[in-house]
Amino acid sequence: MKNLENFTKLAIIGYKGSIGKRYAVIADYLKIPWVGIEIDDSYFELKDCSHCLIATPTDTHFKLLRYISNGWEHLKILCEKPYATKIDDIEEIEKLIDEGKNINMVLNYAYCPYSRLALNNETKYTSHHSGN
């Protein structure tokens with residue numbers, strides 16, 4: 001877990017969805033402690049996490065980014081692409097980042113070398129991803 005400064009636990013928001021499940025498998029493979037949270041769940045468990053991964057439907061990204069970055073400022077936030085679907089929302093995210101919020105975009109997991117290992121070479125999960 002090199003490069004994970006002050007890492008304690010990863011929260012995967014949307015862990016029951018197809019992409020969230022893939023991140024959970026990778027986290028398990030890498031022995032990264034994680035907790036699963038769904039959109040409608042309580043976000044109380046974020047207090048024990050150092051990192052948060054948003055792997056929910058695209059139309060929820062902006063709302064979650066804004067909510068989490070303002071409520072749990074200690075978190076390093078990773079979000080599936082795209083951050084938002086409206087220019088105004090993207091501009092607001094840029095302001096949050098300029099204010100020092102730790103918001104980062106996740107690149108396509110399919111190109112992560114661990115994804116193939118973690119998923120036992122199941123190419124249906126790691127080959128071409130035609131998402132956003």
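Y43, Y67 and W72 form one aromatic cluster. Rings of Phe, Tyr and Trp (its six-membered ring) count as a pair if their centres lie within 6.5 Å; planes under 30 degrees apart are stacked, over 60 edge-to-face, and the rest tilted. The model is predicted, so local features need pLDDT of at least 70, side-chain atom pairs need 80 or more, and totals for chains, interfaces and linings use all residues. Residues are numbered from 1 along each chain as its sequence is written, and side-chain values use heavy atoms, without hydrogens or water.

**Exercise 1.** Find how many aromatic pairs there are, and work through the one that Y15 and W34 form.

*Solution.* The count comes to 4 aromatic pairs. Y15 and W34 sit 6.1 Å apart, centre to centre, with 55° between the planes, and that makes the pair tilted. Y15 is in the loop between strand 1 (10-13) and helix 1, while W34 is in strand 2, so the pair ties together parts 19 residues apart in sequence. Helices (H or I, at least four residues) and strands (E, at least two) are DSSP runs, numbered from the N terminus.

**Exercise 2.** Work out which bond joins K81 and P82.

*Solution.* It's a cis peptide bond, with omega about -15°. P82 is in the loop between strand 4 (76-80) and helix 3 (87-98). Most peptide bonds are trans.
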